[in-house]
Amino acid sequence: MQITLAGNAQPVAAGTTAAQLFDGDRSVVVARINGELRDLDTEIADGDVVEPVAISSEDGLGVLRHSTAHVLAQAVQDTFDDARLGIGPPIKDGFYYDFDVETPFTPDDLKRLERRMQQIVKSGQRFARRVVSDDAARAELASEPYKLELIGLKSGAGDDELMEVGGDELSIYDNINGKTGDVEWKDLCRGPHLPSTRLIPAFKLMRTAAAYWRGSEKNPQLQRIYGTAWPSKEELTKHLELLAEAEKRDHRRLGAELDLFSFPDEIGSGLSVFHPKGGTVRRVLEDYSRKRHDESGYEFVNSPHISKQELFQISGHLDWYADSMYPPMELDEGQRYYLKPMNCPYHNLIFRARGRSYRELPLRLFEFGSVYRYEKSGVVHGLTRVRGMTQDDAHIYCTKEQMPGELDSLLTFVLNCFATTASTTSTWNCRRKTPTSRSVVMPSGTRQLRHFAKPQRSNSSSSSWTQVGRRSTAPRSPFKPATPSAARGRCPRSSWTFSYRACLSWSFRPQTGRGSVRS
Amino acid sequence: MIHRALFGSIERFFAVLLEHYGGAFPAWLAPVQVVGIPISDAHNDYLQDVVEQLRSRGVRAEVDTSDDRMQKKIRTAQKQKVPFMLLAGDEDVSQNAVSFRFRDGSQQNGVPIDEAVERIVSDVENRV
């Protein structure tokens, strides 16, 4: 029969396996057959397009790490009789496996498990794939309640962390003792895997964490073990050194060592206090920022930290982002007040506090504004993802004609400021998600905005403001998500970016008399 | 209307700078810019005068007058990643000078006080 091997057509005997095609090349750990990753012992069919996948390639590393996860799971079930299996996918730089166990794993447990894993690796167990029916799988995995749940799911497509199912068929991988031929352990898995545990050159268990089954807090809590695996001992060592260096630079660690800031339990998650030394650095940064803003024609304003519900109804925040705001306080006979999540509505109010002349534009309002956002406890992280923060926030009101010039000078301003604060950081800007990427520049000038903000009567009789919400027939901005969930999906780090549009919609609302911009 | 936040949040920007510099802020940002380290207690007042001169020029400077030995004081300042250590002993006093010690461990001895002050002030002002 005829196949295509690494781009070249060639004849092969019927019954040839992928392993035989790459015979002798130990760096090849799986094959890509007709675009899909398959085990090396897969038999090749006529017309197949076959490519070798090296252990050091991205796919190869994923297979290595997933096979190491299987070895870990076997070691855990060897060591702890009552351990039940969750899921165990490869992840960036490593893998994890979740277990339902009576008590969380200790550091000593990890050492024991590593020793057991070494034994399994050395013993050279074969990974053997076996296709099973749903019923057969249920019978075999009767003692694994979590795996049973996955059998019912069948399609795990789109969920990268679900290695168990998702192929055309269900399969179980047996770990077969090289000497005796006995099945030492097995796991529901779509594969593929290394041919043998002996091909795991270097691994290490890193840490443990608690994790809910399938990521939902309504489900049982499992214990997760994280590990890493590499094609050589040198690469493992290099990876561990990199981690140690990053750990030394972790801002949370430096913050404590240098007495800069802390997160006292009594205040609450994601809410920091700055100590005198941290306060000094912060003040110098703020002074610098103030000076540069002053030089660049910004005007300084201030606004309060809380306001009535009505403001966030008009701005659209409550329609879209109520879940990410702190819950309201009820005061003054049922009046609801919210902590502010963004400064824009306040600046818009300052803008429209009196009639503005065309000649006042561009008007650049700046504030160090403290905002509060109810981030989920799982994502709160040091100073980089907090629940209370201070933004160096500005809003520039200008005409469409002024827009290009404003954007140009704004970008120059931004680049100059960064050049000062991180003078040697041209690579730094590329590597990190730069703060500039947080700012969203809206696409249109005043006149277009007036067109955008086709007025619609507000429900609130006490307000003469008009509101453009999601029910508006106004043309959609490319920045405006179709649904709140779409907003979250498109902007995983923070959905807040998109609420800029909400603030925007009423700032230039056409109004007879006061508050409008005449052009 | 153009929305923009340059640092994003001060807190996040602070964290990014902290990790970027590994805690060793450039002189203009460092919370303590200069620590005076006397070779013995006898040189406390001498260094205090130098530090006063620096403070009057807006430099964040202090003298370590604790009971620690000099070597310990140097280690403490190094751990705190202070950009400039100014050491003074009898020889420095006789020459109206100080000795610089930098974060990388290098040292420059016998720098006249005026010159030392000007150098520090200029580094801070130029955001070196």
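A: Strands of a sheet pair through backbone hydrogen bonds, either parallel or antiparallel. In this predicted model, strand β2 (residues 34-38) and strand β4 (residues 84-88), both of chain B, are joined by five bridges in the parallel sense. Two strands pair if DSSP finds at least two bridges between them. Helices (H or I, at least four residues) and strands (E, at least two) are DSSP runs, numbered from the N terminus.

Q: Which residue of β4(B) stands opposite B:I37?

A: B:I37 faces B:L87.

Q: What should I know about the numbering and the model itself?

A: Residues are numbered from 1 along each chain as its sequence is written, while chains are lettered from A and ligands numbered from 1 in the order in which they are written. The model is predicted, so that local features need pLDDT of at least 70 and side-chain atom pairs count only at pLDDT 80 or more, whereas totals for chains, interfaces and linings use all residues; side-chain values use heavy atoms, with hydrogens and water left out.

Q: In what order do the five strands of the open sheet in chain B lie?

A: The order is β3-β2-β4-β5-β6, with mixed pairing. The edge strands, β3 (61-63) and β6 (107-112) of chain B, each pair on one side only. On average, neighbouring strands of this sheet are turned by 25° against each other, direction ignored. Axes are lines fitted to C-alpha atoms, for helices over the stretch in contact, and angles run from 0 to 180 degrees between N-to-C directions.

Q: Which helices of chain B lie against these strands?

A: Helix α2 (residues 44-56) of chain B packs on the sheet and touches β2, β3, β4 and β5 (97-102) of chain B; the direction of α2 makes about 170° with that of β3(B). Contact here means heavy atoms within 4.5 Å. Helix α5 (residues 113-125) of chain B lies across β2, β4, β5 and β6 of chain B, at about 115° to β6(B).

Q: How is the antiparallel sheet of chain A arranged?

A: Three strands form this open sheet in the order β17-β19-β18 (chain A). Its edge strands are β17 (306-308) and β18 (329-331) of chain A. Between β18(A) and strand β19 (residues 335-339) of chain A there are three bridges, and A:E330 has A:R336 as its bridge partner in β19(A).

Q: How do helix α8 of chain A and helix α1 of chain B cross?

A: The axes of α8 (residues 276-295) of chain A and α1 (residues 10-20) of chain B come within 11 Å and cross at roughly 110°. These two helices are therefore roughly perpendicular, since angles under 35 degrees count as roughly parallel, over 145 as roughly antiparallel, 65 to 115 as roughly perpendicular and the rest as oblique. Among the residues that make the contact are A:V281 and A:L285 of α8(A) and B:F13 and B:L17 of α1(B).

Q: Is helix α11 of chain A mostly covered or mostly uncovered?

A: Helix α11 (residues 344-351) of chain A is mostly covered, with six of its eight residues buried. Buried means under 20% relative accessible area, exposed over 50%, and partly exposed in between (1.4 Å probe, protein chains only). The buried residues include A:C344, A:Y346 and A:F351. For A:C344 the relative accessible area is 0%.
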